[in-house]
Amino acid sequence: DELGKLLHGTGRLDGACEALERARALAPQEGSYCTNLATVLRASGRFGEARVEFARADELGQPPTLTLT
């Protein structure tokens with residue numbers, strides 16, 4: 001998750017998505033990982049995938065946000 005945030009902050013969105021996808025796969029019940037991934041997907045223009053991740057985060061009780069947490 002931290003690597004994804006770092007990469008996002010430097011504009012490396014593809015790398016950020018990959019890192020956050022790995023984090024989410026390792027801890028699928030961590031809603032903040034889903035929210036962070038959704039935020040980066042949205043920034044990448046991958047809106048459909050972002051909606052899925054925001055919905056997954058909501059199911060896990062993580063409130064949606066457009067900033068990395």
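**Salt bridges and exposure**

User: Why is Glu-2 called exposed?
Analyst: In this predicted model, Glu-2 has a relative accessible area of 56%. The cut-off for exposed is over 50%, so Glu-2 counts as exposed.

User: What makes Lys-5 partly exposed?
Analyst: The relative accessible area of Lys-5 is 23%. Buried requires under 20% and exposed over 50%, so Lys-5 falls in between.

User: How do you know that Lys-5 and Glu-2 meet in a salt bridge?
Analyst: Their side chains come to 3.2 Å, N to O. The limit is within 4 Å, so the pair qualifies. Lys-5 and Glu-2 lie three residues apart in helix α1 (residues 2–9), which means about one helical turn separates them.

User: What makes Arg-24 and Glu-53 a salt bridge?
Analyst: The N to O value for this pair is 2.4 Å, and the rule asks for within 4 Å. The pair links distant parts of the chain, 29 residues apart: Arg-24 is in helix α2 (residues 13–26) and Glu-53 in helix α4 (residues 47–59).

User: Why is Glu-53 called buried?
Analyst: Its relative accessible area is 5%. Buried means under 20%, so Glu-53 is classed as buried.

User: How do you know that Glu-53 and Arg-56 form a salt bridge?
Analyst: The side chains meet at 2.8 Å, N to O, and the cut-off is within 4 Å. Arg-56 is partly exposed, at 31%.

User: Which residues do salt bridges with shared partners join into one network?
Analyst: Asp-1, Glu-2 and Lys-5.

User: How many salt bridges does the rule give?
Analyst: The count is six.

Note on methods:
Residues are numbered from 1 along each chain as its sequence is written. This is a predicted model: local features need pLDDT of at least 70, side-chain atom pairs count only at pLDDT 80 or more; totals for chains, interfaces and linings use all residues. Side-chain values use heavy atoms; hydrogens and water are left out. Helices (H or I, at least four residues) and strands (E, at least two) are DSSP runs, numbered from the N terminus. Buried means under 20% relative accessible area, exposed over 50%, partly exposed in between (1.4 Å probe, protein chains only).
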